[in-house]
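Dear colleague,

I am handing over the structure we spoke about, and below it you will find my notes on what turned up when I went through it. Please read them with the model open beside you.

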Amino acid sequence: MVTAAPILMDTPPSASAKSSAGKSPFSLPTVAVPSVSAPGGLAAPAGETLVDISHLDFFYQTSQALHDINLKIEAKKVTAFIGPSGCGKSTLLRCLNRMNDLIDGTRVARGTIKIHGVDIYQPDVDVIELRKRVGMVFQKSNPFPKSIYENITYGLRLQGLNDKAKLDAVVEKSLRGAALWDEVKDRLDSSGLGLSGGQQQRLCIARAIAVEPEVILMDEPCSALDPVATAKVEELIQELRERFTIVIVTHNMQQAARCSDTTAFFYLGKLIEFAATRDIFTNPANAQTEAYVSGRFG
Amino acid sequence: MSEPNSTAAPAAFAIQKRRLRLLGLTLDDTIKAFFGGNAVVAIVVLTLITIFLLREGLGFFAQNSQSLRVYRQAGLEYVDFIRAEVDDHTALTRYLSDLRLRQLTDLTEVKKLSLEDANAALTKFDEFADKFSGTVDPLRSMLSDLTEQATAIKTKFIVTGDKKEERRQLLAEGKTAEAAAVQIEETDFAAELKPLVATLPAFKEGNREFGRALLATLDGAPVMPAPELAARMEKLKQLTRDYVAGLPAVEHALETWDYARPIPAWKAVSSFVFGRQWLTASFWQDWYGVIPLFIGSLMVSIVALVLAVPLGVGAAIYINQIASLREQRIIKPCIEFISAIPSVVLGFFGIAVLGQALRALSQVSWLSWMPGFPYSERLNILTAGCLLALIAVPTIFTLAEDALNNVPRAFKEASFALGASRLQTIVKIIVPASLSGIISAVLLGLGRVVGETMVVLLCAGNRIAIPDFTAGLSVVTQPVHTMTGIIAQEMGEVVRGSIHYRALFVVGLVLFALSLLINYVAQGIVRKYRISIG
Amino acid sequence: MSAPAVHRFQSQPNAARRSERAAFWLFRAATYLVLACGLGVFGTIFFKGAGTVFKAEAPFINTTFFTDAPESLYIFEFEGKKYEMGDRAFRAFKEKHPAAAKVKSESYVYSAGGIFPCIVGTVLLVVGSMTIALVLGVCAAIYLNEYARDGLFIRFVRLAILNLAGVPSIVFGLFGFGMFVIYFGWNVSLLAGWFTLAFMVLPVVITASEESLKAVPKGFREGSLALGATKWQTIRKNVVPYALPGILTSSILGIARVAGETAPIMFTAAYVVRDKLPWEVEKAGEFLFQGVMALPYHIYVVSSKIPQNDYTERVQYGTAFVFLLVVALIAASSILLRNHLRSRYKW
Amino acid sequence: MTHYNEEMTHLKESLLAMASHAESAVARAMRALVERDDALALQVQADDNILDQYEIEIDDTALHLLAKAPLATELRLITVAMKISQNLERVGDEAVTVSRRVIDLGAEPQLKPYIDLPRMATMSLEMLRDAITAFVNREPEKARAVIPRDSDVDDLNRQLHRELSSYMVERPTTISRCLHLMVISKAIERIADHATNIAEEVVYLYEAKDIRHSGHKTHETENSGR
């Protein structure tokens, strides 16, 4: 891991620092300059509130999927969303980087989601910039049918980074970050589709962290993996929490218990309980929560 | 991997980056609008087709109305009453000449007379026939005179129109002096028609005389040797009597005829839609009636579908339900391959091979029981229909197979579980369940066949006439012309802007509307079918 | 019963079974009849056309048929020998043998030479119209599949595409004639033919492209968007490249259709004869505004306008053979490519 | 049916095809004139060989048939067919003449709006078509009706000549164009003549035999006035 250190130091390029250093969070660059975004994840100190959801109502067409959600997600912590199927946990997750925009007929009817105090549903918010800061890993691993190398560099190339040396460095750093480097370092040019399921998922994580987001959303990242691969991914999450704020949706309560710091329990679109993981699993305040975590329903 | 990054400045969370805007659109919006614009092309093309067909075609109705008006005002209509009467007589004469031919055959083949002797034996018949056909001669000469008069009036009118056009063109070119020099003489139809109408008493007189003479000739009809021929002679006599009885009606029509009666506006449309004649470049009167072409298209399509539906659907059922996997793998692409044969190649095949082969087949003696066999027109409805069937089969096959494929497996399994055989399952469960899909497949096949041009142009025989339906089923061995064929054939030869040119565009409009209709019905059936299954 | 059944479910011949078998044979007969008809057409044209296209001695292919323009064929007897030669050869012959100038000859139009200008024209027509159709069609499909949200407008677009697919080709011809040839004043030209044919295959290309785009998994789009790609970047880098093989394969079917259609180019692009080849234009600008000869139209001309006999048959079957071969190759390659790609592109 | 009958049908089919082709040639030549379309005119010229070829073809078939010694009526039919094909071939030549002049005219501005010429062409074409139909459908009456119409075309031709002559006198610069138009007019008039020839052949063919096989009685009644 020592080799990675200087690279990490290098990655924040000066461009973003120049444009926004020392200014208020609302300072706006007037022209779109393709640039590697600021490594915002390193900005907020651990434990500070990063994402602030308040009074959120969310609709699919006419049916309400989320009811008055209030939630504060702390920086550099792992937050787990648990709850039975269809309880709205994935929906809330997808709200955080506005992936729901892609689905027809969805809308936020009330409430706000603020990241660093910026309401991400304001009309002047650039969704693309938001998604660069809030990365996502999906339930089903979805590596692109390109080489491993290209998978990792995809996000950076989009931002106009073409410096081969830098890209190489990022690839190594990300793969190491995703604990995949040793397994694939000899075949970076082979297709990402040739990896095993667990490797693919870790490749997706590597791809996500390559663009240095601040928050990583994980939508049941282990549901399609076998226990060994799951264990590796969980291990990875533990490592990543030092650098990123992680929000993870899971069906697996043990998983939530194992790797999260705080846990939110949802039921029928409502946030039932939100507390430190230890409390949720050992001393839930709510009867429904207790019933769920002790396996009596869901 | 814990690397405290204290050196980095506390970065701003700047997600409100402003992107380059052009006319208030971001790059992404512009791209989206560009793609959207391409999607609109489909609508635009459909609209443009409608607009341009209408633009070129609509003028037809005004021109047709004008043409019909001249037809009446110049007295052509009047003369045509008499012409119809004479033509009917000609038909009788032709019946008589047919009778002579039959008798001649009878004499030479049954009675084994030599040709000279046979002709000699027919002297009496010929005298009768001469007399019979001669009765109409006075009438015919009168008709000929009237024809000339009417044509003269029409020509005069047209010349006036031409002169006006000439003046207009000259004025447009700025040649005012020359334009003024063009002399225009307006046609006074009432005055021009006077001598024409004045012949009415003479005609009545001649007409009665003609009727009497015709009836009188019947008494001199020769006795026919064979009972079958005698029956025909009797029929001729009866037909003649009926004909003579109908003569006063013609006189009445002539009496009540009025050149000034206006032509209603709908006539311009109805004479196209219901017109039974497509007659162009005529010295007398042009008729643009779509019926013969429509019937031609229809007949060819019917024959094609009658052949293609059993084959296409049968093949679909075979491939989908009965055939082994290997057969499926080989046959399916092969049938799809047939649809890749360009229609012009099929048309050529029809001219070069199939027309000949079918005719030869029709002349095989043990097939003579088939309707219309033997026949002599190489290119006819049947030839074109067979080839169109080959075009329609792949379409019907592919779509019908899809429909069969969409039947849920559970239906089939349930049927088998109840002890039904494969045939029973196919007939009672699978085909009914996919019936609407099959019907829409057939309809789309029909659309393909109706719109097909090259095969019918090359192989349908191109005779512009309503086929003779009294011939029964053998009507399929007659040549026809079709809507698509006429456009392809005549478009290259007509002068732009002429009524004939516009008429072709109206035929195109009819085809266009027809294809939309077929599509609409087929889609409707498909929609209904989706609901019933899902 | 002479032979007792071995067990209760022993299958026994009965009426139902026989009728079932008969019915299956009927279906089988229908299928094979269709195949036989198709094969008959192919076979006849291949067999007879091969005589024109191939020859017995090396190089086994009648190269002049592919490289020459159509000519009249002259048949004459000279000094007791019978000659058959094309127009140019006949003129040269007459110059060489002055005595031959007066010889009585029979001429058969289009029956000598080759079909080079027709092949060139067809290639030009296909390339141009498919380029236009692909650009328009793929873009439209991208919009429909990637951007469009269900609504009245989209339903209109889809309805228009469906209806466009059913419009007879001759109506496209009329439309092209009315709009491009007359209204735009392009006259009978390549450009008019391109647009007419392009609009005709547009529904095929759009439908095919949409199918291919649909086959690209949703995960690719989400994954890309979650990495901060814009919609356009996602489509350009992560959707279209994977859909492209499918789009191209299906479009080949469109090419076969474009190459095979006669009716739309009859009044918009095709000439019966044209002495000059398309590139022999005085100004580059005229290139687009010239009519061309085309294989399908040539077949129409030689099969309907000239009588059938031993001499004209050669060019008739030869042209049909070459044309059919071209179209069949295009179609076959699309089917093969489709099967190949289907097995290769699985995700 | 015998082989002989087949050849007979073939003969008729060829004649019909040839006639439709001749018609098309004239129609296209006229369109080329009215629309000043040189390309179309060139096409007409290029297609002319086709008619020559049909003539050869028909002659061949006819000679074959003659050799088979059919009945007297059919002998006549065959010879008539040969004559018709000759006439049709000439019609094609006239179409070529027209199209040549069209190309020459295309180089100069239009002299006058063409009105009489297309009408003449229409009349001639109609005569041609009627004559052929009469032949195929065995309708001597129809054929006979064609013959008097020739004089209408002649009249138009004469009128046009007068008009053009006065043009030429008035303005000598138009002489070359007027001459072209005169040639075209003459060519169309010749087409009508060919149509008349064909009609006369048809009348001869069917009037001389059929019901009135005696052949001595011809119907002068309806055209006697002209």
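A polar contact, as the term is used here, is a pair of N or O atoms within 3.5 Å, where within protein one atom must be able to donate a hydrogen and the other to accept it. Please keep in mind throughout that this is a predicted model, and that every value below was computed from it.

**Chain D with chain B**

By that definition, 7 residue pairs are in polar contact between chain D and chain B, both residues of each pair being at pLDDT 80 or more. The elements of chain D that give two or more residues to the side touching chain B are α1 (3–35), α4 (116–137) and α5 (140–146), and α1(D) supplies the largest share, with 9 residues. When that side of chain D is sorted by class, it holds 19 charged residues, 9 nonpolar ones and 6 polar ones. The count of salt bridges between chain D and chain B is 4, and in one salt bridge the side chain of D:Glu139 meets that of B:Arg94, at 3.3 Å from N to O. In terms of residues, 34 from chain D are in contact with 41 from chain B.

The size of an interface is often given as the accessible area lost when the parts come together. For chain D and chain B this comes to about 3,600 Å², with 49% of it on carbon and sulfur atoms.

**Chain B with chain C**

What do chain B and chain C bury between them, and how much of it is on carbon and sulfur atoms? The buried area is about 6,700 Å², and 82% of it falls on carbon and sulfur atoms. On the chain B side, the residues that lose the most area to chain C are B:Phe35, B:Phe337 and B:Phe348, which together make up 11% of what that side buries. The contact draws 74 residues from chain B and 75 residues from chain C. Between these two chains the count of salt bridges is 0, while 5 residue pairs, both at pLDDT 80 or more, are in polar contact. Helix α1 of chain B, residues 27–57, gives the most to the side that touches chain C, namely 20 residues, and the residues of that side divide into 54 nonpolar, 11 polar and 9 charged.

Chain A has 12 helices and 10 strands, and 55% of its 298 residues count as buried. Among contacts in chain A with a separation of 6 or more, 69% join residues 24 or more positions apart.

A polar atom of its side chain lies 3.1 Å from the backbone nitrogen of A:Asn286. Beyond its neighbours within four places in sequence, A:Glu273 is in contact with residues including A:Thr263, A:Phe265, A:Ile280, A:Pro284 and A:Thr289.

**Cysteines**

A search of the whole structure finds 0 disulfides over all chains. For B:Cys459, the closest cysteine sulfur is that of B:Cys386, and because the two sulfurs are 10 Å apart, they are too far for a bond. B:Cys459 is buried, at 0% relative accessible area, and C:Cys118 also counts as buried, with a relative accessibility of 0%.

With best wishes

Methods: Residues are numbered from 1 along each chain as its sequence is written. Chains are lettered from A and ligands numbered from 1 in the order in which they are written. This is a predicted model: local features need pLDDT of at least 70, side-chain atom pairs count only at pLDDT 80 or more; totals for chains, interfaces and linings use all residues. Side-chain values use heavy atoms; hydrogens and water are left out. Contact means heavy atoms within 4.5 Å. Buried area is the accessible area (1.4 Å probe) that two parts lose on being put together, summed over both. Helices (H or I, at least four residues) and strands (E, at least two) are DSSP runs, numbered from the N terminus. Ala, Val, Leu, Ile, Met, Phe, Trp, Tyr, Cys and Pro count as nonpolar, Asp, Glu, Lys and Arg as charged, and the others, Gly among them, as polar. A disulfide is a pair of cysteine sulfur atoms within 2.5 Å. Buried means under 20% relative accessible area, exposed over 50%, partly exposed in between (1.4 Å probe, protein chains only).
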